[in-house]
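User: Got a two-chain model open here and I'd like to talk it through. Can you walk me through it, starting with the overall build?

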Amino acid sequence: MADLAPAATAPPRPRPALDVFRYDDAVVRLFVLATIGWGFVGMLVGALLALQLPFPEANLGPYLTFGRLRPLHTNAVIFAFAGNAIFAAIYYSTQRLCKARMFSDWMSRFHFWGWQAIIVAAAITLPLGITTSKEYAELEWPIDVAITVVWVVFAVNFFGTLWRRREKHMYVALWFYIATIVTVAVLHLGNSMAIPSGLWNSYPIYRGVQDALVQWWYGHNAVAFFLTTPFLGLMYYFLPKAAERPVFSYRLSIIHFWSLVFIYIWAGPHHLNYTAVPEWAATLGMVFSVMLWMPSWGGMINGLFTLRGAWHKLCESVVLKMFVIGITFYGMATFEGPMLSVKTVNALSHYTDWNIAHVHSGALGWNGFMTFGMIYWLVPRLWKRPLWSPRLANAHFWIGTIGILLYVLAMYTSGITQGLMWRAFDETGRLLYPDFMETLLQIRPMYWVRLIGGTMYLGGVVLLMVNVWQTLRHAPRDLSDPAVAVPAVSATPAKQIPVA
Amino acid sequence: MFNRFIKANGRHRTLEGWPFVFTALTALAILTGTVVEFAPLFLVDDSMTPPPEMAVWTPLEIAGRDLYIREGCNNCHSQMVRPFRQEIERYGDYSTAAETAYESPHLWGSKRTGPDLARVGGKYPHLWHVRHMEDPRSTSPGSIMPDYPWLLTRRMDHADLPARLRALRTVGLPYDDATIQNAAALAEAQAAEIAAEVVAQGGPDRLADKEITALVAYLQRLGTLTEPPPAEDDLEPHEIDETLETLTGTQPGEPPTTDEEILPLPPETPDRP
């Protein structure tokens, strides 16, 4: 078998020969810059959408209306911002965890530029109204084909690196990367199956109930395997690095990895509670969603407890502060998710802004802050220059945190208010608010509060851009990849703290 | 035994040295739930069988449905009435699996920034929809929906309708050859009818070849595929008159004083069994 490297079975030698090689950090730098740039774009579109809701005059022309921009916002934030962030994390940490350069420089570049081209294609086609309408999979079939090609190249590059690794055992971060790459491929192929009627139009091969189930199998697990597992991998690498502490529990990491990967995939139908899908499917989705709470919190506990004895470091490290707030939001969102999947709660929350609050506490809190923490940790190392202003980074932390809180509190208020108004009856048994408009006018002020919170969070990203830009300006010209010398044979068992 | 698996140098540690076995096991883990959840619905479930009398979208309605998708209406409007009393009172009878059998893609939505549209067909006169798309606040004061004035000016292009219907037939919608070949003509004929009704209701002329007509055709059909075709007879004659008076600005009687009189409200009790 290929993965049993011959060196691993060779007789141990007292002084193993040294392998000298270089990590490919240039591609990591590209992914980091793309993360920041697309993050700004995606969140700016989000702020425009937040303005359009209380102020419909902000819908500009045919191309920049809410209906066309909303998928652009979700795609930009999920696949461009979070996507580039996880690629940066994977390319940086995989090389170090495997003690090997990426399998192919050419594939790394193809992955980077191919992914950016896909994002640009999305940014052009979605405002033009070219969309499949399937949430988080709105891109039409030619772009879906391109995604498949780029993903396959990424997978070959990643598994090739695993194959060539100089470290016998795979650290837990790599398990999560494996789950990400495999499952996203399955989800993308399964959900995007469609019959084209032309270059820019197609119809899914699934209809009605089937299409809804496939869509939310995909939609829910895009959250699981694009926004959760790779970020857990990111956490398992960068948090111990930043805290200089080993991961809390190896056993917990095994248990929560396998239970998370097994259980998550079942949870999709909770998006379809009380709809026309068979009731058994929705109930199954609900049951597995509740079970999912535990493996999710396994990840949170393993992250937070890694800081045991190191909590004082939060005072001086903005990176750790961001990781802690990110993991805390992960814990809150993964408690809230199972709760929202329970049918009685879902009856109230579904179709309301409560869901918007839920996804944003996940996206802004967990994905956003884990990404920012990683960037603040990586930039000084990748550009060989201390961060320009730790104080500015600290300001980013606070303005972002307060922004999220304003955002989610506004959306909780608006979601629960509207949900209750929709179901209110008067004493004669008639709807208390038969006119939908009444319920909308009631929550409209909350849309302004959300805009303020979202704009603050975006302001935090601007501070990040300034900080990174100033750091890069003073970076040395020579950023050539560092040479590394490692024993040709891994003589020691893998440690729980990532070795690099 | 489990402990032997997860202890510091246990079996799982061995597995961590086999990336390709590890990958295969991960794939097995995620495929288990996938197969168990999908297999019944794809292999044995008959909820996808449409009732025999169920109609399929006309070519013009498909064109309108694709406009609905293009403009992203599904981002703010659901099409799925849940089986709760408050939803049935507000929107009409709850949605069933069979009546979505010709939805490729499904447009159930996940957010009600605006009201559910699963049963909007026949609730308002055509002209109401025309005015509402042109300027939502003219029919629904306080609305936060964007204006869609270009729907009233852009020409509807039916050239690729046959290709679209052919693709839909491949995914299972029952279109015969004649419908596919004559799709453009059928669409134009239906559009002419709707445009004439809009004129009769006091609306603007020359909408027959505009996008708005296709969208109105689609909206008026929502929730009625399992019933005898549309749809205006859902409204009492005096309700139509009242709405039209408001829309055309000719108000012979007293001017309306409350929103309730301006907005034709959904019927208070569902009239479907």
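**Walking through the model**

Analyst: Chain A has 15 helices and four strands. Its radius of gyration is 23 Å, close to the 23 Å that the globule rule gives for 500 residues, so chain A is as compact as a globular protein of that length. Keep in mind that this is a predicted model.

User: What box do the C-alpha atoms of chain A fill?

Analyst: Roughly 90 × 50 × 45 Å, taken along the principal axes.

User: And how many of its residues count as buried?

Analyst: Of the 500 residues in chain A, 56% are buried. As for contacts between residues at least 6 apart in sequence, 85% of those in chain A join residues at least 24 apart.

User: OK, confidence next. What's the mean pLDDT of chain A?

Analyst: The mean is 93, and 94% of the residues in chain A reach 70 or more. By element, helix H4 (residues 105–125) of chain A has the highest mean pLDDT, 98, while helix H1 (residues 6–9) of chain A has the lowest, 50.

User: Where does pLDDT stay under 50 in chain A?

Analyst: Residues 1–8 of chain A are one such stretch, and the model gives them nine contacts beyond four places in sequence. Another is residues 490–496 of chain A, also below 50, with 13 contacts in the model beyond near neighbours in sequence.

User: Switching to strands. Which way do S2 and S3 of chain A pair, parallel or antiparallel?

Analyst: Antiparallel: strand S2 (residues 194–198) and strand S3 (residues 201–204) of chain A pair over four bridges. The two form a hairpin, with two residues between them. If you want a pair to look at, A:Ala194 has A:Pro204 in S3(A) as its bridge partner.

User: Now chain B. What's its secondary structure?

Analyst: Chain B comes to 13 helices and zero strands. Of its 273 residues, 44% count as buried.

User: I clicked on B:Pro59. Where does it sit?

Analyst: B:Pro59 is in helix H4 (residues 59–70) of chain B.

User: Why does B:Pro59 count as buried?

Analyst: Because B:Pro59 has 27 other C-beta atoms within 10 Å, and the cut-off for buried is 20 or more.

User: What's B:Pro59 in contact with?

Analyst: Leaving aside neighbours within four places in sequence, B:Pro59 contacts B:Leu161, B:Leu165, B:Thr179, B:Ala183, B:Leu186 and B:Ala187. Take B:Ala183: it lies 124 residues from B:Pro59 in sequence, yet the two are 5.7 Å apart in space, C-alpha to C-alpha.

User: Let's do the core. Which residues touch the most other members of the largest nonpolar core?

Analyst: A:Phe31, A:Tyr376 and B:Leu215, out of 214 residues in that core. Helix H3 (residues 66–98) of chain A gives the most to this core, with 19 residues.

User: And what does B:Leu215 touch?

Analyst: Not counting residues up to four places away in sequence, B:Leu215 touches B:Gly64, B:Leu67, B:Tyr68, B:Met133 and B:Leu151.

User: Last one: how many residues does the contact take from each chain?

Analyst: The contact takes 76 residues from chain A and 77 residues from chain B. On the side of chain A that touches chain B, the residues divide into 47 nonpolar, 18 polar and eleven charged.

Note on methods. Residues are numbered from 1 along each chain as its sequence is written. Chains are lettered from A and ligands numbered from 1 in the order in which they are written. This is a predicted model: local features need pLDDT of at least 70, side-chain atom pairs count only at pLDDT 80 or more; totals for chains, interfaces and linings use all residues. Two residues are in contact if their C-beta atoms, placed from the backbone, lie within 7 Å. Ala, Val, Leu, Ile, Met, Phe, Trp, Tyr, Cys and Pro count as nonpolar, Asp, Glu, Lys and Arg as charged, and the others, Gly among them, as polar. A nonpolar core is a set of buried Ala, Val, Leu, Ile, Met, Phe, Trp, Tyr and Cys residues joined through C-beta atoms within 7 Å. A residue is buried if 20 or more other C-beta atoms lie within 10 Å of its own, exposed if 12 or fewer, and partly exposed in between; C-beta atoms are placed from the backbone. Two strands pair if DSSP finds at least two bridges between them. pLDDT is the predictor's confidence in each residue, from 0 to 100. The radius of gyration is taken over C-alpha atoms; the globule rule is 2.2 Å times the number of residues to the power 0.38.
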